[in-house]
Amino acid sequence: MKRLHGHQPADDINWDFIIIGGGATGLGTALDAASRGFKTLLVEQADFAKGTSSRSTKLVHGGVRYLAQGDISLVKHALKERGLLQQNAPHLVDKEQFLIPCYDWFSVIKYLTGLTLYDWLAGKYSFGKSKFLSRRETLSMMPGIKARGLKGSIRYYDGKFDDARLAINIAQTAIEKGASLLSYTKVTALLKSGDVVTGIATEDTITGSTAQYTGKIVINATGVFVDDILQMNNPATKKMVRPSQGVHVVLSKTFLNSESALMIPKTTDGRVLFAVPWHKHLLVGTTDTPLNEHSLEPRALKEEVDFIISTAAGYFNRKPIAKDILSVFSGLRPLAAPTSGDPNSTKEISRDHKLIVSAKGLITITGGKWTTYRLMAEETVNLAIAHAGLKHKACVTQNLNIHGSTASSGSGHLAVYGSDRIKIEALIKQNPGLEKPLHPSFPFIEAEVVWSARNEMAETVEDILSRRLRILFIDAQAAKDMAPRVASLLCKELAADENWKTEQIKTFNKLADGYLYYEYIK
């Protein structure tokens, strides 16, 4: 069995930066470090963005909820980063129009005042001005919304993106800037000299081969897994984070029949809920459920799915039921571990990031959100330079184009590839058979599987169907239908055998079953 992208860098390099974790934060840090000219290695135990970073609500936003909590500084930073992200990855970040339905006049005044402040805080990075829409205008723009008692809505603008695709493009940009990135490479131990962390020991989870890498600074950017790494350094370390689960369900877009997104400003648990058009479907979420354990494949609880559906039903004309759910997925946020008070409360915990020196040679970054990944990376690299005594080099990522960046890559589903689109079209010209669709109800084609295997570091059927094409997150049954063809195409690219192909289909089907709604109503 060979690996497509299992190239191991030379083991005699003394890296400037060794980064553990291939989600938004780790990839952003690798890009920042490499673009400053530092020798940079990143290792990820699974596929890039396998965890939380592919399971967001797909919003690039300042955080309306944080504004309500009075966290003005966090909102202002995030709104600036939202603008920079659209500037640097215009092929993946779109401006989205949101409607907040108002069923009393006090809500109209409250939300319009708050969102006018939100617009003002964005300054030159504003996406558009908030305004009140009448009842008639609201129903014209969102026919699926509950009309009874509706006074109107507040329209505001925020960003929408494809999280996993952005992660892959950041990884590609980091590689272009000289970084070495290894997926399916698990850290098994920290290397130490006395009390100083000097590197990592790893195992390739596909081939079983082991390696050791030394560096001047190790960055722990593993999200909900940060404590696992910290305990490798000191088994007595107190837990730094506790996972909180955010669940999303995907429905047919016909429930709202709109290009606009819906923001439900107050749920029974004091959160906001979004219904966002995404890949021609409707993504509804999220929840905030504290858990005691973490995993790479968290599973939604039935009560979380029920909560989302019942909350949405209060705002939709047509009430969704269990059989309308096409996919259910969960992501785990790393929140600060509770030290006192109610261990199940997540409302008061800041969503801002934490950056700490965990030991000599080891820095931990956790928390934050996708929108501020670039700023978090900049702060992490700055701290690492100072801590490790590296030569200071200025950050250059504010105006650094992400791989694929282009103002326009046409319409249709291939637009998310940005400037790579023309290369995929060239691949089809060379192999016209690759234009065949993978499923009669979706636009995805065989050429995308081959492209992802050759150019986007995909190693498995799951990598393709979960994070390159996103279909598992859109329609789990359709993903299962596509798996055999995807396995065949990958098998050929890998020069693998029939046993590998059979095992891949079996493994993926088992995984996909966990995304099907009926798992939650048994």
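A cavity is a set of grid points where a 1.4 Å probe fits but cannot get out. In this predicted model, the structure holds three such cavities of 30 Å³ or more.

**The largest cavity**

The volume of the largest cavity is about 110 Å³. Its lining is made up of 14 residues, and those closest to the centre are Asn 88, Tyr 373, Arg 374, Thr 397 and Ile 402. Three helices, α1 (24–35), α3 (72–88) and α9 (373–388), each give two or more residues to this lining. The largest share, four residues, comes from α3.

| Class of lining residue | Number of residues |
|---|---|
| Nonpolar | seven residues |
| Polar | four residues |

**Helix α15**

Helix α15 consists of 16 residues, 498–513. From its first C-alpha to its last it reaches 23 Å, which is close to the 22 Å expected at 1.5 Å a residue.

Which residues of α15 are buried? They are Trp 500, Lys 501, Gln 504, Ile 505, Phe 508, Leu 511 and Ala 512. Because these residues cover an arc of only 130° around the axis, they lie on the same side of α15. The other side of α15 carries the exposed residues Glu 498, Asn 499, Lys 506 and Lys 510.

Against which elements do the buried residues of α15 pack? Their partners are α12 (461–468), α13 (471–474) and α14 (476–494).

Technical notes. Residues numbered from 1 in each chain as written. Predicted model: local features only at pLDDT ≥ 70, side-chain atom pairs only at ≥ 80, totals over all residues. Heavy atoms only, no water. 1 Å grid on protein atoms, 1.4 Å probe; cavity = no way out; pocket = protein on both sides within 12 Å on 5 of 7 lines; lining within 4 Å. Points joined across faces, edges and corners; volume = space filled by probe spheres on them. Nonpolar A, V, L, I, M, F, W, Y, C, P; charged D, E, K, R; others polar. Expected span 1.5 Å × (residues − 1). Buried < 20%, exposed > 50% of the residue type's maximum accessible area, 1.4 Å probe, protein only. Arc of directions from axis to C-beta. Contact = heavy atoms within 4.5 Å.
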